[in-house]
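Q: Could you walk me through this structure? I have not seen it before.
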Amino acid sequence: MSMMMMPGMLAGAVPFAARGDFWGALWEKFGVFAIGLVAFIAVVGLVLFLADRAPKRGRDFLQLLAFVAPAMILLAVGLIYPAVRTTYLAFTNRTGEFIGIDNFVWMFTQPDIVTTLGNTLLWVALVPTISTVVGLAYAVFIDKSRGEKVLKSLVFMPMAISFVGAGIIWRFVYEYRATGFEQIGLLNQVLVWLGLEPQQFLINSPWNNLFLIIVMVWIQTGFAMVLLSAAIKGVPIERLEAARLDGANAWQQFTNVTIPEIRGSLVVVVTTITIATLKVFDIVRTMTGGNFDTSVIANEMYTQAFNRGEFGQGSALALVLFIMVLPIVIYNVRVMRKQKEIR
Amino acid sequence: MSGVAATAGVAKPNPEGNGPKLKRVKQRLTSRGATAAAILIAVVWTIPTFGLFVNSFRPADDIRTSGWWNIFVNPQFSLENYGDVLFSGGASSANLGSYFINSIVVAIPSALFPIVLASMAAYAFAWIKFPGSNAVFVLVFALQIVPLQMALIPLLQIFSQVLGISGTFPAVWIAHTIFGLPLCIFLLHNFISEIPADVIEAARVDGANHTQMFFRIILPLSVPALASIGIFQFLWVWNDLLVALVFSGGTVDVAPLTQRLAELVGNFGRNTQLLPAGAFLALIVPLIVFFSLQRYFVRGLLAGSTKG
Amino acid sequence: MRSLTKRRLLATVSAAGIAGLALAGCTTTTDSGGTGDLDCSAYEQYGTFDGETVELYTTIQGVELDQLVESMFDFEDCTGITVDTVGTQEAETQINVRAAAGDAPELMIIPQPGLLQRLVEDGYVLPAASTVEDNVDEFWSESWKGYGTIDGTFYAAPLMASVKGWIWYSPAEFEANGYEVPTTWDDMMALTETMSGNNTATYKPWCVGFGSGDATGWPGTDWVEDAVLRTAGPEAYDQWVAGELKFDSPEIREAFDLVGDIILNPDYVNGGFGGVESIVSTTFNDGGLPILDGNCSLHHQASFYEAQWPEGTTVAPDGDIWAFITPKTDPTAGDSVTGGGEFVAKFVEGEAVDALQTYLSSDTWANNRVALGGVISANKGLDASLAGSELGRASIEILQGEDTVFAFDASDLMPAAVGTSSFWTGMVDWVVGTKSTDEVLTFIDSTYP
């Protein structure tokens, strides 16, 4: 509603940005920036203020509306409508004709696409698990240790790197030169130092999938670590203390007290990473381009829809992605139900 | 019991994260082996980035023909790549500063807007009883999976044909806000719903309505969560290329740094030697943000969620 | 609003060192006052506009993008049109999004006719104005006009071009070893065999690199296209492009076998990188560089590879590096080359849009742009002496030559599902060895939409 009008008012300002005039453009950009922030705050503030002053009758409803409507309207326009449209497109062909489930038949009869589906399952099985386990272990190991902040930052750093940047970084790890040549990839150099043959890490299937997954794990571990570290610090000391007095060793304290205490956070972390994993396509795209049996659904969807203009097939793949997330959604709903009951 | 203890920690956001109790009972769960394992993980996680860092100082020819570790045998540093990224290339790269500004102008509102809207919605889902509340929340949660790519065309259609704002900052802000909302709502809901019911109840008994409750109780208690989710959203926006490509129009007026860096590589991947330097320049701001707001992480995001 | 001074200054800086250039007249006369000193006579025909902006969308980036922008400075100053040149790697995919959302740019430089065709079929591209068509009739050959014509309607004018099928080598090495530049395919194979006598752990006669991110494999399609054009001839080539001649046909199979004799033979490849399997992991940018280190002698790649040689490498018949065109299999056949090119298509009507599209199809633009270096064009009004390099001049002469049959890059003309997809991956599978020649041919045929 009023949210959507704000940018419209601002839009007129932008084309005036003086080309080549750095300082003029700078002022103008920060002008837009400031107006944008002020307008946003004003709109949100106004909505909440009006809800606050609403007449007694129907105030509850108006307040609810004020809190939920801005987000819901944006979501309806930007995600729900596209989702519905995608669902429809999944049953159409290039020219927009309705073709029933042909796109899904195509998907499960093309060996390449079947491989892609299998790869996606492999990613979903490994990335959340490894990232969470390593992130949790690391968070526990460095908890309250000297230099905790620095150690945290080191593992968190990959989160701050774009996927494109990550692709470049890992090329210098996996790069292959044949035996007898000077290696420029670190991993192959290590193999050579150990007296082994250098390997085509990104080409030899199916292992290449594993090496791509490592990149995603490398990025997501920082996320898991930061969240779980915070959760661990929320574990009440008295409980750990009590367990210790009962004669529990460090491991028992961890499994009997810490893990149950942070279960909520674990669910959040695993859920978030799983969804991020299902959606990721940049890593595959920049590192192998989906060649050598490494494609995943998100990458294949992009290729079909945008490189080949097959929006129907791309949408069908998107739908499969969505279906793969359903179990996670259902699990989370159940956890949430339980929480509400406890409360 | 534990709920109260946890809330006490949250209620007075303690930047250092070591509540008085924690300090007294400074018990180390860690052993020598654990420390060794932690250092090993830290080293393994850092080496790839370190390699890139070293390569960013090496001449193009060296990057191509030998591994970065050779710099220890044959030290050869040059700032040429950084010079090229920042200053060379005629009409275009003089603008790197402009793209940097664009990134800032894009990223701050794009991190702020979804956080504000999401905290409002999360509060409603957690503490306002209304029919279908659960169903709507599940829907929002599930929206996380709608692939960005599939949302681009409909959204761009609205921006260009209905609102007439495609290729402007507001278009990029709105797009990022929309795409960030489901995850932000999900994470914030997890936090806000863990605020003990007695705290909320007490305020309600005092006659606070929802707006007052939101400003007096929810927001102050949620500062750490807001900060840490804000950081994540900021990082995602800062590193984004796809949304920027579609909604910024790609001009020097609006397009962010990531896009310029991608362009620097040039047609057919020419100038690949510039990538390490470029990637590092793009990394500086996220790292500053992380370091300066890191204290919120310590007792941050999900400190309240102690029950399973 | 534009700061002329700054742009002039930049133009001067980047134009420095480039000789014989039409633009020199203006770049030296830096004038903060405006366009007074600029000779606008060549631009009068385009008319003058008041503050109109035209977006030109392209996949071109980096230095080439800067040069493209610079080639339009005078046009902008004389006509008053502001050209908003937006270059991004993703333009080829993003145009699908932008066009579908009704947010298409005014003009786009389309890097391959296959994409143009699809955009025309989807109804996004508008027919070119008659002024554009007149230019194309005047300055381009029939076949070039044909690539921009779909179902009898002329849509897009060609812009720049490249000559594919150059084989790069080191003149000094050839002289030292007494090698002769081969004039037939058989000679080339004999030369390869001779060279392989010098094989060492690192040296092989050929070096090949197929790597190119999500486009990995395209250099392989260039190899096959060159072989098809030479063994099967231009007519069969056209049938193959049109889908009338299958991949799994004797003609195409013969071409694959010819190429396979080189790039699948561990004695012949892959100098400087390893064995046959290293072809796919070597980026095409690095592909030919081992020639400089003496680790290989021959490398097959288009004219634009000139820019890949490190700074300080002289590309000339008597320099560090030079190239010859892939030789004929039948010595009695006529000369033919493969090549590629870009096309400018219109998505939005407008007089300023037509003016720019017309300018870009003119000889004035071709000369302006080629003088800035790095690229060539098949525009017949182009003065070959403006080209910044020996190879550029040689390529322009081939393009303008009346006797040489020019065949447009086949994969660029094929449907996207083949030309930018299965043909690429097919080449990758073929080289890695996961598919035999038979399997690759039937696989590619099976992907035809």
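A: A definition comes first: a residue is buried if 20 or more other C-beta atoms lie within 10 Å of its own, exposed if 12 or fewer, and partly exposed in between, with C-beta atoms placed from the backbone. Phe292(A), with 23 C-beta neighbours inside 10 Å, therefore counts as buried. This is a predicted model, in which local features need pLDDT of at least 70 and side-chain atom pairs count only at pLDDT 80 or more, while totals for chains, interfaces and linings use all residues. Residues are numbered from 1 along each chain as its sequence is written, and chains are lettered from A and ligands numbered from 1 in the order in which they are written.

Q: Where is Phe292(A)?
A: Phe292(A) is in the loop between helix 13 (282-287) and helix 14 (297-307) of chain A. Helices (H or I, at least four residues) and strands (E, at least two) are DSSP runs, numbered from the N terminus. Phe292(A) has a positive phi of about 55° although it is not a glycine.

Q: And Asp293(A), what is its phi?
A: Phi of Asp293(A) is near 60°, again a positive value in a residue other than glycine. Asp293(A) also belongs to the loop between helix 13 and helix 14 of chain A. With 19 C-beta neighbours inside 10 Å, Asp293(A) counts as partly exposed.

Q: Why point those out?
A: Most residues other than glycine have a negative phi, and most peptide bonds are trans.

Q: Which peptide bond is cis, then?
A: The bond from Ser205(A) to Pro206(A) is cis, with omega near 0°. Pro206(A) lies in the loop between helix 8 (186-193) and helix 9 (207-233) of chain A. The bond from Val269(C) to Asn270(C) is also cis, with omega near 5°.

Q: Changing topic: how many helices has chain B?
A: Chain B has 14 helices and zero strands. Buried residues make up 57% of its 308 residues. Chain B is divided into domain 1 (2-28 + 88-298) and domain 2 (31-78), with bounds that come from an automatic or database domain assignment.

Q: How many residues of chain B are in contact with chain A?
A: 106 residues of chain B are in contact with 108 residues of chain A. Two residues are in contact if their C-beta atoms, placed from the backbone, lie within 7 Å. The side of chain B that touches chain A has 70 nonpolar, 30 polar and six charged residues. Here Ala, Val, Leu, Ile, Met, Phe, Trp, Tyr, Cys and Pro count as nonpolar, Asp, Glu, Lys and Arg as charged, and the others, Gly among them, as polar.

Q: How many residues of chain C are in contact with chain A?
A: 28 residues of chain C are in contact with 21 residues of chain A. Helix 20 of chain C gives the largest share of the side of chain C that touches chain A, seven residues. That side divides into nine nonpolar, 13 polar and six charged residues.

Q: At what angle do helix 20 and helix 21 of chain C cross?
A: The axes of helix 20 (residues 416-432) and helix 21 (residues 437-446) of chain C come within 10 Å and cross at roughly 165°. Axes are lines fitted to C-alpha atoms, for helices over the stretch in contact, and angles run from 0 to 180 degrees between N-to-C directions.

Q: Which residues make the contact?
A: Among them are Val418(C) and Phe423(C) of helix 20 of chain C and Val440(C) and Phe443(C) of helix 21 of chain C.
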